[in-house]
Amino acid sequence: VTSLPSGTRPLIVFINPKSGGKQGAKILRIFQYLLNPRQVYDLTEGGPTPGLKFLSHLPDCRILCCGGDGTVGWILAALDQLDLARKPPVAVLPLGTGNDLARCLKWGPGYDGEDIGEILRDVGLADLVTLDRWSITVTNDPESTEKGDRVPYEVINNYFSIGVDASIARKFHVMREKHPEKFNSRTRNKLWYFGMASQEQFSGTCKDLEKLVSIQVRSPRGRRVEGRLGSTEGVPRGQLVMTFQCDGMRLDVSHALEGIAFLNIPSIYGGTALWGQEKKALRRRPHERRGSSPDVYAVQAMDDKLMEIVGVYDSAHMGRIKIGVTNSGLRLAQCRRIVIKTTKMLPMQIDGEPWMQPPCTITVGHLNQMPMLAKVDRRGPRRVQSLFLNLGGRKN
């Protein structure tokens, strides 16, 4: 790498050509034409490691990740493994189906043929923001003989959920694995997902969740308090019982729920604000509690080291929130550490990747923060630092 001219901001592009149907492969060819070949990396050829090793020698470098939320998580996990004094910030060109993280960072719901040159300018102008990341540890119950699926991730970037939404996501995942030719566009994927959500509404596989859930929390002073989602008296041994431990917050969840989501970012299900929107920028400290009104909660943010816990009544409730008929799901808590215990096989998902989980103990805690790039509204002329490298290859 030759010395970089003043005002140059190096860029490394990672592309998942399998994302977005044929979009990923097309965008790979465009970037290979526009940029120096050493700036563009196909993630199907050796993963992100070669590109990340290269950028470790570049000052003030930025990353553009082209793919879905899973691809972004792949890049962030690889960055965790690098011993860098300063992590490079990551921008997103959304090629997946949901693209929830890209939505929160204002990169849009999905790439729709926009000019790549304009996208490069947006990356150069993007604001630096911070993303919380959470560790999740799943320990199977040694007394259980049930066999589940492999847990997909050890880190939560977007959300974790149990119940109806995870059940829908798993059906979608299984169908896509069997018939990939039927899932070759973002629009078609959404239609399949809507159909499976409608089926879930009638089948009700997670119905009456609240009758089988007990909740335990610890008060700010360390005193244990307990609340319940309905009574567990008379429940046969072996049926679902989940126990939640959340720091300093009593959970009021005496409602008929079919799912519970744990949110790190304000978007889930491809753009749904499950926590809801605040009418005013109200802030509180995590230990403050002034009643049962939703206003006691802090405004949801991806950098506050708090995770929001929200309940949903059924798949129809999820749909009403998505189209704006209902403002939010049932707000349960904001906390820094969560412990969940289950005694029955349950559908779960992390960042859109579902699995079936046998009885277990799940621990979620804050892991770290990662620098990200949020798109800004470009109004008026602003100087854009060069995103092209002079590496002795193609010049533009």
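**Buried charges, salt bridges and a sheet**

Visitor: Aspartate 122, buried or exposed?
Guide: Aspartate 122 counts as buried, at 8% relative accessibility. Buried stands for under 20% relative accessible area, exposed for over 50%, and partly exposed for what lies in between, using a 1.4 Å probe and protein chains only.

Visitor: Where do these values come from?
Guide: The model is predicted, so local features need pLDDT of at least 70 and side-chain atom pairs count only at pLDDT 80 or more, while totals for chains, interfaces and linings use all residues. Residues are numbered from 1 along each chain as its sequence is written, and side-chain values use heavy atoms, leaving out hydrogens and water.

Visitor: What does aspartate 122 form a salt bridge with?
Guide: With lysine 375; the closest N and O atoms are 3.7 Å apart. A salt bridge here requires a side-chain nitrogen of Lys or Arg within 4 Å of a carboxyl oxygen of Asp or Glu. Helices (H or I, at least four residues) and strands (E, at least two) are DSSP runs, numbered from the N terminus.

Visitor: And lysine 375, how exposed is that?
Guide: Lysine 375 is partly exposed, with a relative accessible area of 30%.

Visitor: How many salt bridges does the whole structure have?
Guide: The search finds four. One of them joins the side chains of arginine 133 and aspartate 80, at 2.5 Å from N to O. Arginine 133 sits in strand S5 (residues 127-140) and aspartate 80 in helix H3 (residues 69-80), so this pair also connects distant parts of the chain, 53 residues apart. Arginine 133 is buried at 0% relative accessible area, whereas aspartate 80 is partly exposed at 27%.

Visitor: Which residue does arginine 121 form a salt bridge with?
Guide: Glutamate 118, with 2.9 Å between the closest N and O atoms. In general, an α-helix has 3.6 residues a turn, so residues three or four places apart point the same way.

Visitor: New topic. What is the strand order in the open sheet?
Guide: Six strands run S13-S12-S11-S7-S15-S16, with antiparallel pairing. Strands S13 (330-335) and S16 (353-357) are the edges, each pairing on one side only. Two strands pair if DSSP finds at least two bridges between them.

Visitor: How many bridges between S12 and S13?
Guide: Five, in the antiparallel sense, with S12 covering residues 307-312. Isoleucine 309 has alanine 333 in S13 as its bridge partner.

Visitor: Last one: which residues of helix H8 are buried?
Guide: In H8 (residues 315-323) they are Ser315, His317, Met318 and Ile321. Viewed down the axis, these buried residues fall within an arc of 155°, so they line one face of H8; the arc is taken over directions from the helix axis to the C-beta atoms. Glycine 324 follows H8, with a positive phi near 90°.
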